[in-house]
Amino acid sequence: MPRLLIVHHTPSPALHAMFEAVVSGANDPELSEVEVVKRPALSATASDVLSADGLVLGTPANIGYMSGALKHFFDTVYYPVLDSAKGTPFGFYVHGNQGTEGAVRSVESIAGSLGWTPVADGVVVHGEPDKRALERCWELGATVAATLLG
């Protein structure tokens, strides 16, 4: 059974709503053959990444950069997965009130240096996530999960 790992840092109600929408999309009944595993960024490990067939990453934009928690995740897993996870399909979502460009750039840069393959556009939300933003998060989860089927 393919495994989708969702690594997230969810400190705010807005990020929690986005996270739940991603999880809901990944758990769509048509994708029941995909196992969805959720890990907070501070507890996700290289073993989690190596046992996953795809990833979704979620972070706030903090002072123009990804959260320290997601950066810690990347620092922890980088070398242990560098040669073994190339080509892993991934997507990401970012929430911020302003200055999200640096967070997006940093996630894309590190994931790219790991050789991970983007399979969906990143979802970037400023301010309170509206219905359309949550639909895009749902689509992100569903798209990355569907990619694992085939």
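**Aromatic residues and the nonpolar cores**

F74 is buried, at a relative accessible area of 2%, and F73 likewise counts as buried, at 0%; buried means under 20% relative accessible area, exposed over 50% and partly exposed in between, with a 1.4 Å probe and protein chains only. The model is predicted, so local features need pLDDT of at least 70 and side-chain atom pairs count only at pLDDT 80 or more, while totals for chains, interfaces and linings use all residues. Residues are numbered from 1 along each chain as its sequence is written, and side-chain values use heavy atoms, with hydrogens and water left out.

Rings of Phe, Tyr and Trp (its six-membered ring) pair if their centres lie within 6.5 Å, with planes under 30 degrees apart counted as stacked, over 60 as edge-to-face and the rest as tilted. By this rule there are five aromatic pairs. The rings of F73 and F74 form a tilted pair, because their centres are 5.5 Å apart and their planes stand at 50°. Ring pairs join F73, F74, F90, F92 and W116 into a cluster.

A nonpolar core is a set of buried Ala, Val, Leu, Ile, Met, Phe, Trp, Tyr and Cys residues joined through side-chain atoms within 4.5 Å. The largest has 30 residues, of which V7, V49, L57, L70, F73, F74 and W116 touch the most other members. Setting aside neighbours within four places in sequence, W116 is in contact (heavy atoms within 4.5 Å) with residues including V49, L57, F73, F74 and F90. A second, separate core of 24 residues includes V22, V34, V36 and L140.
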